[in-house]
Amino acid sequence: MRDNPEASKNDGSTDAQRPPAIAVSGLSKKVADASGELTILQDIDFTVQPAETLALVGASGSGKSTLLGLLAGLDTPSSGKVVLDGTDIFALDEDGRAAFRKAKLGFVFQSFQLLAHLNALENVMLPLELRGDDAAREKAAEMLGRVGLSSRLKHYPKYLSGGEQQRVALARAFVTEPPLLFADEPTGSLDAATGESIIQLMFELNRERGSTLVLVTHDPAMAARCGRTLTIAAGRLAV
Ligand SMILES: Nc1ncnc2c1ncn2[C@@H]1O[C@H](COP(=O)(O)OP(=O)(O)O)[C@@H](O)[C@H]1O
Ligand SMILES: [Mg+2]
């Protein structure tokens with residue numbers, strides 16, 4: 001990532017004077033529903049510095065997944081801004097946001113979102129191939145080894161358990177060593193020992209690469225390991 005000239009050219013920043021990794025201001029999300037309008041998120045403001053680790057916690061239905069999707073530009077807000085590493089992502093068009101994500105972001109979905117017609121290895125190779133990485137196969141195989149799936153490389157998602165699919169999704173998000181890593185309940189389907197090794201992998205990436213981590217979690221132990229915790233209650237940040 002650091003040696004990708006396109007990535008550093010796009011924001012013009014240097015490590016010495018980096019903007020915040022994430023700056024969220026006045027972020028709201030409303031959707032139409034049967035009774036009119038449903039407010040999912042309201043007036044969210046916060047900033048995350050490069051290499052920070054942030055836990056997002058809150059009751060089920062409080063808006064955590066919606067917020068994480070907005071942070072990644074996977075969904076559009078009703079109002080407000082998300083600035084990632086100096087780039088106002090909603091000032092970009094959809095293609096611009098996709099290019100930004102490809103260069104800088106790893107995302108682990110709560111529902112894994114593996115491609116059904118690709119095997120585990122191919123799923124993890126995909127983000128590398130999209131960047132034209134000649135060593136995609138070797139890097140993907142190595143990352144699948146690190147999540148304990150060396151013996152499942154050729155398995156298609158439907159032949160993997162929930163926990164195994166989650167580990168493939170994590171490997172896919174990690175393999176490009178993105179400066180921004182967002183994960184929605186990344187250990188939700190894992191047993192305690194596997195969950196612990198995944199947590200270690202995420203924090204290693206944070207330490208070794210300076211990746212900024214935002215983790216949605218129900219797990220107090222994982223939240224406790226993050227530098228900071230934000231709590232969402234009914235679509236607002238609790239203070
Ligand atoms: N596209 C949508 N249309 C209508 N309601 C939605 C939509 N997306 C999310 N919601 C609702 O918004 C609330 C927050 O959802 P979500 O962000 O998934 O919560 P969490 O991840 O904290 O459990 C929930 O009540 C959910 O049903
Ligand atoms: Mg959720």
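This is a predicted model: local features need pLDDT of at least 70, side-chain atom pairs count only at pLDDT 80 or more; totals for chains, interfaces and linings use all residues.
Helices, in the sense used here, are DSSP runs of H or I with at least four residues, numbered from the N terminus.

Leu144 is among the residues with the most contacts inside the largest nonpolar core, which has 38 residues, and the others named with it are Val168, Phe174, Met202 and Leu215. At least two residues of this core come from each of β3 (53-57), α4, α5 (136-146), α6 (162-174), β7 (180-184), α7 (192-209), β8 (212-216) and α8 (220-225). Phe174 touches Met143, as well as Leu181, Leu201, Met202 and Leu205, when residues up to four places away in sequence are not counted. A second, separate core of 27 residues includes Val24, Leu70, Leu84 and Leu105. In soluble globular proteins, nonpolar side chains tend to be buried together.

The strands can be followed next. An open sheet of 6 strands has the order β6-β7-β8-β3-β9-β10, and its pairing is mixed. β6 and β10 (236-238) stand at the edges with a single partner strand each, so one side of each is left without a neighbour in the sheet. Direction ignored, neighbouring strands of this sheet are turned by 20° against each other on average.

Within that order, β3 pairs in the parallel sense with β8 over 4 bridges, and it pairs with β9 (residues 228-233), again in the parallel sense, over 4 bridges. Ala55 has Leu215 as its bridge partner in β8 and stands opposite Thr229 in β9, whereas the bridge partner of Leu56 in β8 is Val216. Because 5 of the 5 residues of β3 are buried, this strand is largely enclosed by the rest of the structure. Thr53, Ala55 and Val57 point one way from β3, and Leu54 and Leu56 point the other way. In a regular strand the side chains alternate between the two faces of the sheet.

The magnesium ion (ligand 2) is coordinated by Ser65 through OG and by Gln110 through OE1, at 2.1 to 2.5 Å. Since Ser65 lies in α2 (residues 64-71) and Gln110 in the loop between β6 (105-108) and α4 (120-130), the pair ties together parts that are 45 residues apart in sequence. Ser65 counts as partly exposed at 34% relative accessibility, and Gln110 is likewise partly exposed, with a relative accessible area of 41%.

One further loop deserves a look, the one between α5 and α6, where His155 has its place. His155 is partly exposed, at 28% relative accessibility, and it touches Asn119, Ala120 and Leu160, residues up to four places away in sequence not being counted. The C-alpha atoms of His155 and Leu121 are separated by 8.1 Å, although the two residues are 34 residues apart along the chain.

Notes: Residues are numbered from 1 along each chain as its sequence is written. Chains are lettered from A and ligands numbered from 1 in the order in which they are written. Side-chain values use heavy atoms; hydrogens and water are left out. Donors are N, O and S atoms within 2.8 Å of the metal (3.2 Å for Na, K and Ca); water is not among the atoms, so sites may look incomplete. Buried means under 20% relative accessible area, exposed over 50%, partly exposed in between (1.4 Å probe, protein chains only). A nonpolar core is a set of buried Ala, Val, Leu, Ile, Met, Phe, Trp, Tyr and Cys residues joined through side-chain atoms within 4.5 Å. Contact means heavy atoms within 4.5 Å. Two strands pair if DSSP finds at least two bridges between them. Axes are lines fitted to C-alpha atoms, for helices over the stretch in contact, and angles run from 0 to 180 degrees between N-to-C directions.
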